[in-house]
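Please look at the sequence and the structure before reading on.

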Amino acid sequence: MKKLVFLAVFAIVALSAYSYSTATQNKDLQNALSVQYAKNISDASSKLQDLDEAVKKTLLFNQGKGDLEAREDIWRLSSDIQQSVASLPLDQGFSTTWMNYLGRLGKFSKEGDEKTDPTEFHKVMDRASQNIQSLSDQWSVATADMASGNLSMAEWQDRLDGEKASFDWKGLSASIQQYTESDFPLTASESDALKKKELKNIKDPAVTKEEALTKFKKLFPDVSNQVIDTTESKPGAAYPFYHIRFADNDSVGYIDITKKGGHILSFLTERPSGAGTMELDSVRNRVETFLKDSGYTDVVFEEVRENDTAFHFVYTRVEKMHKAKVLSDTIQIKAAKEDGRILGLNAAEYIRKEQLKDQPMITIDWKTFFHKNVKVNKQELVYVENEHGIQRLAYAPTVTLEENGEIGTYLVLVDTETKDVIRTEKQP
């Protein structure tokens, strides 16, 4: 009898200790994620001020390239802020609207002066400067108490949930929508193109929350054992998905998996960078193995960039009809230099999959199409958006030309049916 009593007491003590340990671990994980959210809030706030300054710098010059660095800063900062915003569980409408505005601002700063009259370019950036200042002020009010890293997950949810938050996220979203419409109004063709890209019409069968978690654990076994919670996207989201947050001793992040098809929409993890650098080819092999395991089997390598700690890869979908690359359907992957681990992924453009149409292919004699001094080095087929936002099949020859003792390289996109030059891109 004493032995049974002892075993019962021992079991109660053991279970209590286990429960306490689990509760403590979950609390630590939530604290880690709270710190990550706070960091992203601070990053967005700081870079929003830098963005405002960069936009103002473009207003200093009428001629020359004095604003070139500022325009590059706008393109870089708008992209950085998008990444910070994407990793926060913000109101879906606000997040989508803000990222759309930032994307259009970055693109305009990089390309607008080449396609727009200088006076009109100055007017657009002047309006943007006023709007970004207003947005920065409102963002500061909305996130005033969020940068400490001391909030519980419940407190974060209360502040960021569009339905429950004390701050009017929908009002801010409406303001940004007005900024977008005034600064960068959509053409009719652009509006139609955006509607095409919604993911509501994915034909793939739906997956359950448990199936999404199983896929996460299969692809990311090193971090998926420390899942904090799994939530669903807000009603009305363009692409319904499961939002899975995780954290462990050295990694904290999230993954979004679409409800239809169970595709990885995005993935992001932050962890300390270690010493050592793997060879690029070895990291690329790991990335491409990961893509195949994830079900992305119809993509080809496009390009790679790097910074001090990571390689940034871009892969492009290849359609079946002509074996042409679809330049709008890409996957971006960030992989650690030290061990090849996947640190980030964005497959939204790939999952949207452009609706493509066949078209005639007129044979072009490149010897007469180009000047006699131009040399055609290679050629491939691509689908690319023309100026009306329509996907067109195009020849994509890479050509070279001697320019004052140096060799200039260009990618020329030529419509296969009309022979119109859709775009010419100078290559590095």
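## Basis and overall make-up

The model is predicted: local features need pLDDT of at least 70 and side-chain atom pairs count only at pLDDT 80 or more, while totals for chains, interfaces and linings use all residues. Residues are numbered from 1 along each chain as its sequence is written, and side-chain values use heavy atoms, with hydrogens and water left out.

The protein chain has 11 helices and 12 strands. Helices (H or I, at least four residues) and strands (E, at least two) are DSSP runs, numbered from the N terminus. Of the 428 residues in the protein chain, 42% are buried. Buried means under 20% relative accessible area, exposed over 50% and partly exposed in between, with a 1.4 Å probe and protein chains only. Among contacts (heavy atoms within 4.5 Å) between residues at least 6 apart in sequence, 57% join residues at least 24 apart.

## Aromatic pairs

A search of the whole structure gives 15 aromatic pairs. Rings of Phe, Tyr and Trp (its six-membered ring) pair if their centres lie within 6.5 Å; planes under 30 degrees apart count as stacked, over 60 as edge-to-face and the rest as tilted.

Phe246 and Phe267 form a stacked pair, because their ring planes are at 10°, with the centres 5.8 Å apart. Phe246 belongs to strand β2 (residues 241–247) and Phe267 to strand β4 (residues 264–270), so the pair ties together parts 21 residues apart in sequence. Phe246 is buried at 0% relative accessible area, and Phe267 is buried at 3%. One aromatic cluster is formed by Phe216, Phe220, Phe246, Phe267 and Phe290.

## Valine 223

Val223 is in the loop between α8 and β1. At 3% relative accessibility, Val223 counts as buried. Leaving aside neighbours within four places in sequence, Val223 is in contact with Phe216, Phe246, Asp248, Ser251 and Arg341. From Val223 to Asp250 the C-alpha to C-alpha distance is 9.3 Å, and the two are 27 residues apart in sequence.

## A helix pair

The axes of helix α4 (residues 118–142) and helix α6 (residues 169–183) come within 10 Å and cross at roughly 170°. Axes are lines fitted to C-alpha atoms, for helices over the stretch in contact, and angles run from 0 to 180 degrees between N-to-C directions.

## Two lysines with positive phi

Lys323 is in the loop between β6 (310–318) and β7 (325–336). Its phi is near 60°, a positive value in a residue other than glycine. Lys323 counts as exposed, at 62% relative accessibility.

Lys419 is in the loop between β11 (406–415) and β12 (421–426). Lys419 has a positive phi of about 70° although it is not a glycine. At 38% relative accessibility, Lys419 is partly exposed.
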